[in-house]
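Reader: I have a structure open and a few quick questions. Can you walk me through it?

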Amino acid sequence: MLDDLSTAASQAPWPVAYPQGYAVVDVETTGLARDDRIISAAVYRLDARGEVEDHWYTLVNPERDPGPVWIHGLTSDVLDGAPLFREIAGELSARLADRVLVAHNAVFDWSMLAREYARAQTEAPVRQRLCTIALSKELGLPLPNHKLESLAAHFGVVQQRAHHALDDARVLAEAFRPSLHAAASRGVRLPLLECRPLTEWSASPTIGRQASGGHSSSGGYRAGSWRPSRKRPPCPYPNPGRYEEGKPLKQGMRVAFSGDTSVERELLEDRAVEAGLHVATSLSRVTSLLVTNDPDSGTSKTVKARQYGTPVIDEAAFGQLLRDVEPAAEE
């Protein structure tokens, strides 16, 4: 399989529009929420054709409890002496600079990195990202699911320590190279998305470094210590029902978002609210529309959308519809 892909790629001209370098990234975190923290990070730097140049790994003190230790294996005792993110941000930046960030479910890794950089009052030097899930779909790989282990198995890459950032990054780098060569040999356009750094951070007091037992010196982890979720005012318009293809959006429609977007999610949600739409955090039978660039993914929202028959459109179509939202009916 790998030999066939390499041979095909060597016989075809390399696409001139492809990036000149990649940074394959994996981060382990205290959880999945917006105020969770990175506890370890790994970067494999690859050249234009996916060959490994070097790799780097670090633990990171999250300044709070480490979360699901049974998954990542990193305890409070292990992380207590690790550097803070702001102390490794410069080294990490040097490894990300002028490269496309590559990750498996890249929206997650990018979001976690962007938030950590925002807390450190700086920006990640990343302008584009590439999700290997999206690339495997572009290539039509016959995978049973979108897990990293399935992608690795397809290319014969052996995983040694799942949920260890360094090994996950190695596995992804080894699986990305044949994927990249397959895309090049077939002239496939890489699914690159824009990365927009976050520029907001909380002015609240910083949580202290971990004390024994996994609690911070300020008395424990407080949700929202970086930037609390914004409480949007309730939508002033009643829900007019589901979106109908070929017709405009109407003020009051309940819109949910799922998956990776090229525009930062919060900016997209702000635009929707400004247009008079109701941004829903979950999907229900009364949701008017689901916006996703990956309708075939297995997220809870896409699954429910199929169950309920909720209309689904991609980000580009939604952007067009936002230009001319129909006013709510007068009562």
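Reader: What average pLDDT does the protein chain have?

Author: This is a predicted model. The protein chain averages a pLDDT of 85. Of the residues, 85% score at least 70.

Reader: And where does pLDDT stay under 50?

Author: Over residues 203–229. The model has 61 contacts beyond four places in sequence for that stretch.

Reader: On to strands. Do β4 and β5 run parallel or antiparallel?

Author: Parallel. Three bridges join β4, residues 100–103, to β5, residues 128–131. L101 stands opposite R129 in β5.

Reader: Which helix does the chain pass through from β4 to β5?

Author: Helix α5, residues 106–119. This β-α-β crossover is right-handed.

Reader: What about β5 and β6, parallel or antiparallel?

Author: Antiparallel. Strand β6 covers residues 192–194, and three bridges join β5 to β6. Q128 stands opposite E194 in β6.

Reader: Switching to the inside. How many residues are in the largest nonpolar core?

Author: It has 32 residues. Y18, Y22, F176 and L190 have the most contacts inside this core. At least two residues each come from β1 (21–29), β2 (38–47), β4, α6 (132–139), α7 (148–154) and α8 (165–186).

Reader: Which element gives the largest share?

Author: Helix α8, with 11 residues of this core.

Reader: What does F176 touch?

Author: Leaving out residues up to four places away in sequence, F176 touches Y22, L46, V102, L130, T132 and L135. There is also a second, separate core of 28 residues. Among its members are V27, V43, A118 and C131.

Reader: New topic: L277. Where is it?

Author: L277 lies in the loop between α9 (265–274) and β8 (278–280).

Reader: Is L277 buried or exposed?

Author: Buried. Its relative accessibility is 3%, and buried means under 20%, so L277 counts as buried.

Reader: What touches L277?

Author: Its contacts include C235, L249, K250, Q251, G252, M253 and V255. A272, F318, L322 and V325 touch L277 too. That list leaves out residues up to four places away in sequence.

Reader: And how far apart are L277 and N239 in space?

Author: They are 8.9 Å apart, C-alpha to C-alpha. In sequence, 38 residues separate L277 and N239.

Key: Residues numbered from 1 in each chain as written. Predicted model: local features only at pLDDT ≥ 70, side-chain atom pairs only at ≥ 80, totals over all residues. Heavy atoms only, no water. Pairing = 2+ DSSP bridges. Helix = DSSP H or I, 4+ residues; strand = E, 2+ residues; numbered from the N terminus. Right-handed = clockwise from strand over helix to strand, strands pointing away. Core = buried A, V, L, I, M, F, W, Y, C linked by side-chain atoms within 4.5 Å. Buried < 20%, exposed > 50% of the residue type's maximum accessible area, 1.4 Å probe, protein only. Contact = heavy atoms within 4.5 Å. pLDDT = per-residue confidence, 0-100.
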